[in-house]
Amino acid sequence: MKRNIVIAAVTAAALIGGGTATALATTEDGGGSARQAANTRLSDDDVRDGQDDRDDDNGRDDDAARAASGDVKAPEAIASALKHTSGTVVSAELDDEDDSDKVIWKVDVLSGDNTWHSVSVDPSNGKVLGAQTDDEDDTAQVRAALKGSSVTAEEAAKAAAGKGTVTSVGLDEDGKDKSWEAETRTSGGAEQDWKIDLTTGKVTADRSDDQGDDADDADDQD
């Protein structure tokens, strides 16, 4: 009787689900087989979902790598943005375009009237794709950090380029030691953070992230 009930249930499921459950009726313990098959399907779905996520991440990494190896580097992207929107560049980075997997240069420019502009630059040809105004609450802090500075974001990017392909450069206006920060990528894909002095342009390795990682590892061991 139990077997007949299982077969009837499987048949109904097959009619509803397109006939995929027919093989479940061949075992004596139909309930266990059904659960096993369901778990197998869920496991397969999880594997596919995980693979899709990895593919998406790899795709973004590949896009970033292609953009980083493109004709337009950080200094050129900054120069292009300034031709479009005059002011002081505070940061430039390779980033995903809104609602798209395409990677572009996003350059933040602080104009003379304290208006913030986000300028998008194509990394393949340096063409400005568009610009929009942004609301920022640290204008005074940025102005104070740049006061007396003799090294621009463009010059900082050029200085950091000696360490690898620059994928981002931005002002670090927090803390006692103000500086430009840059991230570089080597031909092998390794990334490194650097600090560039605002007055001398000297490039030094940024160890703050490494120290933070070491502290996190120590906490995990505790």
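A contact here means heavy atoms within 4.5 Å. This is a predicted model, so to speak of local features a pLDDT of at least 70 is needed, side-chain atom pairs count only at pLDDT 80 or more, and totals for chains, interfaces and linings use all residues. Residues are numbered from 1 along each chain as its sequence is written, and side-chain values use heavy atoms, with hydrogens and water left out.

View 1. Asp-122 sits in the loop between S3 and S4; helices (H or I, at least four residues) and strands (E, at least two) are DSSP runs, numbered from the N terminus. Leaving aside residues up to four places away in sequence, Asp-122 touches Val-72, Lys-102, Lys-127 and Leu-129. Is Asp-122 buried or exposed? With a relative accessibility of 9%, Asp-122 counts as buried; the cut-offs are under 20% relative accessible area for buried, over 50% for exposed, and partly exposed in between (1.4 Å probe, protein chains only).

View 2. The chain is built from six helices and eight strands, in the sequence pattern α-α-α-β-β-β-β-α-α-β-β-β-β-α. Its average pLDDT (the predictor's confidence in each residue, from 0 to 100) is 76, and 61% of the residues score at least 70. Residues 1-28 have a pLDDT below 50, and this stretch has 16 contacts in the model beyond near neighbours in sequence. Of the 222 residues, 34% count as buried. Among contacts between residues at least 6 apart in sequence, 43% join residues at least 24 apart.

**View 3. The eight-stranded sheet.** Here's the open sheet, with strand order S4-S3-S2-S1-S5-S6-S7-S8 and antiparallel pairing; two strands pair if DSSP finds at least two bridges between them. Which strands are at the edges? Strand S4 (128-134) and strand S8 (203-205) are, each pairing on one side only. From one strand to the next, the twist averages 30 degrees; axes are lines fitted to C-alpha atoms, for helices over the stretch in contact, and angles run from 0 to 180 degrees between N-to-C directions. Helix H5 (residues 153-160) packs on this sheet and touches S1 (88-96), S5 (165-172), S6 (179-185), S7 (191-197) and S8. The direction of H5 makes about 135 degrees with that of S5.

**View 4. S2 meets S3.** Strand S2 (residues 103-110) pairs with strand S3 (residues 116-121) in the antiparallel sense over six bridges. Look for Val-109, whose bridge partner in S3 is His-117. In the loop between S2 and S3 you'll find Asn-114. Asn-114 isn't a glycine, yet has a positive phi, near 65 degrees. Its relative accessibility is 41%, so Asn-114 counts as partly exposed.

View 5. Strand S6 is mostly covered, with five of its seven residues buried. Seven bridges join S5 to S6 in the antiparallel sense, and another antiparallel pairing, between S6 and S7, also has seven bridges. Ser-179 in S6 is the bridge partner of Asp-172, and Asp-197 in S7 is the bridge partner of Ser-179. The S5-S6 hairpin has six residues between its strands, and Gly-175 in the turn has a positive phi of about 75 degrees. The S6-S7 hairpin has five residues between its strands, and Gly-189 in the turn has a positive phi of about 100 degrees.

**View 6. A closer look at Gly-189.** How is Gly-189 placed relative to Thr-165: what is the C-alpha to C-alpha separation? The two are 9.9 Å apart in space, C-alpha to C-alpha, and 24 residues apart in sequence. Gly-189 is partly exposed, at 33% relative accessible area.

**View 7. Helix H4 and its buried side.** In helix H4 (residues 139-146), the buried residues are Thr-139, Val-142, Ala-145 and Leu-146. Why do they share a side of H4? They cover an arc of only 130 degrees around the axis, so they are on the same side of H4; the arc is that of the directions from the helix axis to the C-beta atoms. The buried residues pack against S1, S2, S3, S5 and S6. On the face turned away from that buried side are the exposed residues Ala-140 and Ala-144. Gly-148 follows H4, with a positive phi near 85 degrees.
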